[in-house]
Amino acid sequence: MMIDEVRTMPAAGQPQLMRWSVVLPGLAALALALVLPQFANAYVTEVATTALLYVVLCLGLNIVVGYAGLLDLGYAAFFAVGAYTSGILTAEFGFNFWLTIPVAMAAACVAGIIIGAPTLRLRSDYLAIVTLGFGEIVRIIARNLDITGGASGLIGIERPEIFGFRLMQVQHFYYAFLVLALLTAFVCLSVERSRMGRAWFYVRYDEDAAAGIGINRVTAKLQAYMMGAVIASVAGCLYAAKMTAISPESFTFNQSLLILLGVVLGGMGRIPGVVLGAILVALLPEVLRGAGTYRPLVTAVALLAIMLFRPNGLWPDKRV
Amino acid sequence: MALLEVRDLRLSFGGLKVLHDISFSVEKGAINSLIGPNGAGKTSLFNCLTGFYKPKGGSISLSGRPITGLPPHRITALGLARTFQNIRLFKEMSVLENAMSGQHCRSRHGIVSAILHLPAQRREEEAIRAIGMRWLGFVGIEQHAHRRAGGLSYGDQRRLELARALASAPELILLDEPAAGLNEREKLDLIHLIRRIRDETGVTVLLIEHDMGLVMQVSEKIVVFDYGQKIADGAPEAVRADPRVIEAYLGTED
Amino acid sequence: MDFEIVLSADRIVARYGAIEALHGVSLSVKRGQIVALLGANGAGKSTVLRTLSGLIAASSGNVRFLGEDITKAPAHRLPHRGLVHVPEGRRIFGDMTIKENLDLGSFTLADDTERRRRLDHVFELFPILARRKNGDARNLSGGEQQMLAIGRALMAAPKVLLLDEPSMGLAPQLIKEVMNIVQRLNRQGVTILLVEQNSKVALKFADYGYVLKAGRIVLEGPGSELASNEAVISAYLGGVAT
Amino acid sequence: MTLDLLIQQLVNGLIVGSFYALIALGYSMVFGVIKLLNFAHGDIYMNGAFVGLIVFSFVGIWVGNGWLGVVCALLVSMLVVGLLGVVIERFAYRPMRNAPRLSILITALGASMVLNGTALALTGGRHYAFNTDLGFAGIDISTVHITYTQMVLVAASIALMAGMQAFVSRTMYGKAMRAVSIDMGASRLMGIDVDRVIALTFFMGSALAAGGGVMAGAYYGSVHFFMGFIMGLKAFTAAVIGGIGSVPGAMLGGLLLGLLEAFGSSLPFVGSEWRDVFVFGTLILFLVFKPTGLLGRSVVERV
Amino acid sequence: MHFGHAAWMRQQGKWRELMVVSFKRLAKRLACATALAGLAMTTMAAAADIKIGIVAPMTGQLASEGQDMENAVKMAIDAVNAKGGVNGDKIITTTADDACDPQQAVTAGSKLVSEGVTAIVGGYCSGAVLPTLKIYGDAGIPFVIIGANSTKLVAANQGNAFLANSTGDMQATTAVELFKKNGYKKIAVVDEGDAYSSDLAKLTAEAFKGEGGEIAAKETTTAGEQDYSAVVTKIKASGADAVFWTAYHAGGALLTKQLRQAGFQGGIVLGDGNNSPEYLEIAGSAGEGVYLLSPPTVDLLSGAADFKAKYKETYGRDAGAYAALSYDVGDLIADAITRAKSADQKAIIEALKASDLKGLAGEIKFTDKNTLQTSNFRPVIAKGGKWVAVE
């Protein structure tokens, strides 16, 4: 062994929260994002808004999949919980939109606990199937209940007002989603480098070792699961307000897959990678418009190729 | 009162008895060892003590508090830390982050305060970091704090595992074959380190080790296992001379 | 007896990830011998066997068996050639019957008559297995499982048998029984490389012995010589050796 | 519930259950040897149906659209799709064998999407008729009509499963398969080429799924790219109920799930719109309270 | 302060600073952007040719239907242009793909709006059309919906949208008339749980009960599933005279087959989603004698023979279920622009309200809710592997 050799080595690297190679392009991207609607038409803005929606959803799922290492195939369910909670409360009970957000967050927490608490002890592939089943259950419930508007969904969801200004146009929602995306990124970054964030990494790398140093595995996973759920539910609220009409079709297994694809594509567990992945997922239908029925195949091949040849994603984690 | 009290501990896997009515104790401030041939049940005992296995019967208490059957994270929180036989570091994380992990059960801030960047949370983070650095310094690898843990030399990985366990502020630390894979030089360093743990921090040490040289040098008391039973218990010299121990190790001719 | 070397290792190095477990181990086994490989826990005895049988690839050095270089041969190619490894901890297939376990021992054999002949041979050697042949292997006692593991290896008609700690976890009476069988097999012409912690037992039967410490051979010699060597004891219980 | 209804639902459950069982068997076998949840299994079933239809439409010209045609389609499809399973294992799963669990699962998901996407791209999402001359002739028990096709179908799937069980318990390769699922390392010491056994397992599991696909296609009379998704999920549920990794468990689970669905949807308070909730609920309850299933064995988890 | 970790803190500070600046800037830009967007809207409307947007599923499972819609609308517009266009201007079209997915429909809608189209036609899936109503409504763009016909569209309409297809309740009325004519007393209604079929099932059940009929069973199947035996058994046990299947052809064919296989002797009636040659292909002999509430397809329309031939000649494929209606809508929009005498969208909406078009598929006249005055559904029956009109 080479204890001495290592001891004489210079200390490599300082703690870097963000590296300049990330910060500079990040700032450029942010500046671009802020001015985008000023020179882009409604179509581009709409696509960009969708991209921002996926950024929020992918960042949320990244907490579950990337940080805590739990494969969730029913993430759209929490998106649905948020959208329906907000939609029902505004359309049926006349709630102010902003008041529905905390209610939706609470609802997502409850749903997260109901499904997470008993199942997070399971091995990861079982968990994947349970979440898939849960996603389907939520969709079927939304489809079959009267309060959710049944299969054709809810219509006439009020558009939110802020300081007397009503969010109406694509641009307004673009900025609303941009704020939400930045807020989510900020939240993720804060949590990632906090005690709980580290606990998720510990559990993901080695559950037993994590337990051996005093981390409650199930609680840690549950917290990740719930935090992911809450983020999806907030995205759902804003989505409902933007669409004004929601139906179970927006919360299918395919939706969950797309969000997962975004997380995996860019690089699990890392915010810039996930943001990149999310944007790619949102652009995919636009870019592949000509591909027609080949589109799902192209998407699938991309996913498989990433896993086989770049398992850490397009923009992988080079931390430490 | 002894720090660790094990009474009539029994464990079995699907009908196969692994531990038979084990009883022993570890005094506060001691360095004790557990030895025995392969398959004697030493690691199984460790796993019972740390909550990874649920014993079939008997009791374990730490500082008088019963810990039998508690989940691992609760036991760690009550002051019992461990290392693993085949080093189990979080290899993709930094050395410092590994050391900081030990503080998890001694800190309390959660997601909400992290998002809000509360001053108290920041102070706690700073404290966790400082404690992590302190233990890295204690085991002598603070200069590697920001390297990837998996990139450390084997000997340093062993040290890091010790630092991580110590960072959880334990009363008792269980070391599972800490000398495995170390060379003679590193073993000497390890002996020195184990003594420092007890002398400088007051943490009681219980280790499983195959390297008898090391065991004989550091232990004040040795518990010997064979076939899941305790066959001897005493000071190194006495144990070394015990015919039952020699028999367990070298076998009998008939 | 023809004391030709049937199995040899030349300065093999093996690693588990970053850890080098064997630092250049050389040994040789002659036809018809029982060779003991001794050493304390963690000395690398099992690793030597695993490298010989191809479960671990040696990172340097080479292994020769019956005159051929088998360093790179995958583990599943060796039983057919006559090199059979009885792993540490028996590793029997618990959810399968005893008969099925034995059948698997002769997996590479196409000839059913020959299989039946070998099965009869094993049953004759271990009558207890014959009596319970349709029972699940999981329900056997430790000693019986060891017999099954050896019996399973015999189904491949080994020329050389690598036995990893057959005495582990067995009561003294059973150890004796197992060792008698080992000796009997040897008399029937099977060359044996025996890994043992129980050195007294091993050296009683061994023609030759090697003592391994921390991944290196520290001592070797005829069994009877080693049996009386103080250094062997210290290799186990620590002290001044090497 | 009248007796007729009881018998009818029993028959229904048996038929759909035998499909579930066939697919569940492949899930279980693959899970057994490499502990991988093969998400692509449902799509393999779908591919089997398509290959069967293609073969059927060709051989139909010479042998007609009756039993002979279906049997030809069945055999060819089992062979072709079995090989497809081997190819998938070789190129998608084998490189990932030592990768982290999460990556393996996502790879399996990707493999599933590729199969599904290919079928969609080639068929354009069309539903294809799989028209046979098997007809609806059969016997009547009171008001319950059971066609000969249904009888043959159940008999055929039972025969396939029995054949599978015989293979696994009697033949050398079958034993090797079980050995690999118990202890891969020890299996290699027996001279078993583990890679080959895994490939064989994929072949057999995929062939069974393909057999199920052809039979379902011929029986229901239509084939489309999406037919594997629900079937895959239900078959997985069946495998979990029976105990994943266990061959008889998969059969039992399949039949039980079929019956559960048939009777579950006739309960007065559970409308058919809630049937899938009922199925997924059962799955979740099993996974939470009895993850080893009815016939599976618990594994002691060691540190 | 974090002594010893100053670098880390600096980064933190920058990050926070960045956030503050971003928020300030954001507020400014938000106001800016709104003004600009309004400006863009007015400039874009002043294009030379009159641009009509076509929104339809061009990808996904319903791509074939979308293709038909696009083709037929273009045919109509080409014919109008060949005769000199409208008010001297030529009409050009632009197509946006909604993939029958709500989210993509919104993107497609925005695309059309930002291209400055004068009017929009199309829309196949109600679920995808619903969220776009708000977009077109807010932009004040006239929108003629060709295929989608959920009653929710009527509720969400802001006055600019017109439903050229008969709505679900009209189909329900047609269905109930057929039930009564055939003497069915007890009906089992089966849907697939999606918006379209469950809506139709509900409306039909209500309408039939209102006429004194009995709903013997109301069942839902899962799309993509093949085994309907449990549902079939329940229907048989319910003693229904007839089954009304409200969803699409794939499930319809499977249900028909399994009903007949189980020995069900009663009538089988299918909703308009079953109008596909694939239905007859898959159902085979079991499909014989089954009723279908058909939209006005070319095969059923006496005056559509020329269109049918020309369509085949132009596009090399048979005109699908919605081709004739799509052609009519193309005519309708050209007609409305002509009558509005300008490309002014308010005037076009007014002109559409006053439409009275005798098209291939029938008469297009709107109610005050912008829905068709007369149902264009017509019952047909499967005979000898073909749909023939029921008289």
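Student: Where is the place of Thr222(E) in chain E?

Tutor: In this predicted model, Thr222(E) sits in the loop between β7 (214-220) and α8 (229-238) of chain E.

Student: Why is Thr222(E) called buried rather than exposed?

Tutor: Buried means under 20% relative accessible area. Thr222(E) has 13% relative accessibility, so Thr222(E) counts as buried.

Student: Which residues are in contact with Thr222(E), leaving aside its neighbours within four places in sequence?

Tutor: Ile230(D) and Asp276(D) from chain D, together with Glu192(E) and Tyr228(E) from chain E.

Student: Let's turn to Phe93(A). What makes Phe93(A) count as exposed?

Tutor: The cut-off for exposed is over 50%. Phe93(A) comes out at 51% relative accessibility, and therefore counts as exposed. Its place is in the loop between α4 (76-91) and α5 (97-119) of chain A.

Student: Which nonpolar surface patch is Phe93(A) part of?

Tutor: One of about 580 Å², made by Phe93(A) with Phe95(A), Leu99(A), Val103(A), Ile141(A), Leu145(A) and Ile147(A).

Student: Good, now the salt bridges. What makes Arg15(C) and Glu20(C) a salt bridge?

Tutor: The rule asks for a side-chain nitrogen of Lys or Arg within 4 Å of a carboxyl oxygen of Asp or Glu. For Arg15(C) and Glu20(C) the N to O distance is 2.9 Å, so the pair meets that rule.

Student: Are these residues buried, exposed or partly exposed: Arg15(C) and Glu20(C)?

Tutor: Partly exposed covers the range between the buried cut-off of 20% and the exposed cut-off of 50%. Arg15(C), with a relative accessible area of 38%, is therefore partly exposed. Glu20(C) is partly exposed too, with 27%.

Student: How do you know that the salt bridge of Glu278(E) and Arg126(D) joins two chains?

Tutor: The closest N and O atoms of Glu278(E) and Arg126(D) are 3.7 Å apart. Glu278(E) lies in helix α10 (residues 277-283) of chain E, while Arg126(D) lies in the loop between α4 (101-123) and β1 (128-129) of chain D, so the pair joins two chains. Glu278(E) counts as buried at 11% relative accessibility, whereas Arg126(D) is partly exposed at 30%.

Student: What does the salt bridge of Arg275(D) and Glu261(D) tie together?

Tutor: The side chains of Arg275(D) and Glu261(D) meet at 3.5 Å, N to O. Arg275(D) is in helix α11 (residues 275-289) and Glu261(D) in helix α10 (residues 247-264) of chain D, so the pair ties together parts that are 14 residues apart in sequence.

Student: Why are both of these called buried: Arg275(D) and Glu261(D)?

Tutor: Set each value against the limit of under 20%. Arg275(D) has 8% relative accessibility, so Arg275(D) counts as buried. Glu261(D), at 3%, counts as buried as well.

Student: How many salt bridges does the rule find across the interface of chain A and chain B?

Tutor: It finds 3. One pair bridging chain A and chain B is Asp208(A) with Arg88(B), at 3.4 Å, N to O. Those two residues also belong to a salt-bridge network with Asp206(A), Glu207(A), Arg217(A) and Lys221(A). As for polar contacts, the count between chain A and chain B is 12 residue pairs.

Student: Which element gives the largest share of the side of chain A that touches chain B?

Tutor: That is α8(A), with 8 residues. Overall, 41 residues of chain A are in contact with 48 residues of chain B. The area buried between these chains is about 3,900 Å², and carbon and sulfur atoms give 61% of it.

How values were computed: Residues numbered from 1 in each chain as written. Chains lettered and ligands numbered in written order. Predicted model: local features only at pLDDT ≥ 70, side-chain atom pairs only at ≥ 80, totals over all residues. Heavy atoms only, no water. Patch = residues over 30% accessible without salt bridge, like charges linked within 9 Å, V, L, I, M, F, W, Y side chains within 5 Å. Areas by Shrake-Rupley, 256 points an atom, 1.4 Å probe, with all protein chains shown as cover. Helix = DSSP H or I, 4+ residues; strand = E, 2+ residues; numbered from the N terminus. Buried < 20%, exposed > 50% of the residue type's maximum accessible area, 1.4 Å probe, protein only. Contact = heavy atoms within 4.5 Å. Buried area = accessible area lost by both parts, 1.4 Å probe. Polar contact = N/O pair within 3.5 Å; in protein donor to acceptor, adjacent residues only side chain to side chain.
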